[in-house]
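Here are a few friendly notes to read alongside the model. Please keep the viewer open as you go.

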Amino acid sequence: MKVVVTGEAGFLGSHLVDRLLELGYRVVVIDNISSGSPSNIKHHMDSPKFNFIKGDLREAGSWTDGFKRAHATFHMAANPEVRHSVREPLDHYHQNVTATLNVLEVSRAYGIKYFVFASSSTVYGDPKIIPTPEEHPLEPISVYGATKAMGEMLCSTYAKLYGMKCLNLRYANIVGSRLRHGVIADFILKLREEKSRLEILGDGTQRKSYLYVADAIKATMKAYSKLKNSERQTITYNVGNLDWVTVGEIADIVVQAMGLKNVEYTYNPGTPDGRGWPGDVKLVLLSIEKITKDTGWKPRLTSREAVRLTAEELLKEL
């Protein structure tokens, strides 16, 4: 069975492609390599079941041919940087919304039945309920979160109008090998430059859920299977962990993984209430009761275990 994956050269997309090929799918991947890395997919280039197309999803182009006779679209392409969305909102909009609408429209034109959209926990903004259920109002506080909410609405609308089946996956902080953005990579790079001092964006009390990428991919495939076997036109799931960890605790884990001692922490809040930057959600813990009940999925690693393993992997990669 043929599927299309966008953004496959990125972190989460590349791990998804690994799993799809392991399961025997024929995979067409589309990426402009603007934020991902060719090294993430180079081990598949000689596979007869793998086809890479370089293309910019914001514009029509020959990349649309890759959707012919495909059964499903996994739309993982996006700019994940919240800070970029604050600095360059219009550019962020086109990367995350224009691209999503284009991919939906091409999927519709080629009669693709299933559409999987990589959304985000940021659609909730500052949650009023923790752990946060899927029924919580969508009140994003960043342009990034707003673009993900828009993407969900577009997917659900296409499902109603055109008979597609849509899966919205609201991922928490996903970590693991190949990760090149976020707090863990940031701490490692800073400590390699200066081993005795670490700048922490925010006041260190930000507390969030972290999910290891293998757990996230397993959740994705179980949710996709549920979509195919369900009568529901649109399904939305949170994909996160059962626990959470502070930024200060992540610093401790990274320092320990690097074998460092007596590191001085300095804090650089980006807002009066101690966030890392404007638009940063300070507390994130998703309820995963719904996906666990529907699919039987649950995380294998805790947030701390996921952070520790990721730090060890990135120390080898960076």
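How many salt bridges does a search of the whole structure find?

1. The search finds 16 salt bridges, each being a side-chain nitrogen of Lys or Arg within 4 Å of a carboxyl oxygen of Asp or Glu. Before you look at them, note that this is a predicted model, where local features need pLDDT of at least 70, side-chain atom pairs count only at pLDDT 80 or more, and totals for chains, interfaces and linings use all residues. Residues are numbered from 1 along each chain as its sequence is written, and side-chain values use heavy atoms, with hydrogens and water left out.

2. One of the bridges joins Glu249 and Arg304, whose closest N and O atoms are 3.3 Å apart. Glu249 belongs to helix α7 and Arg304 to helix α9, so this pair ties together parts that are 55 residues apart in sequence. Helices here are DSSP runs (H or I, at least four residues), as strands are (E, at least two), numbered from the N terminus.

3. Another bridge pairs Lys128 with Glu139, at 2.6 Å between the closest N and O atoms. Lys128 is exposed because its relative accessibility is 63%, while Glu139 is partly exposed at 35%. The cut-offs are under 20% relative accessible area for buried, over 50% for exposed, and partly exposed in between (1.4 Å probe, protein chains only).

4. Now find Asn238 in strand β11. Asn238 is buried, with a relative accessible area of 0%. The side chain of Asn238 makes a polar contact (N or O atoms within 3.5 Å; within protein, one must be able to donate a hydrogen and the other to accept it, and residues adjacent in sequence count only if both atoms are side-chain atoms) with the side chain of Tyr124 at 2.7 Å.
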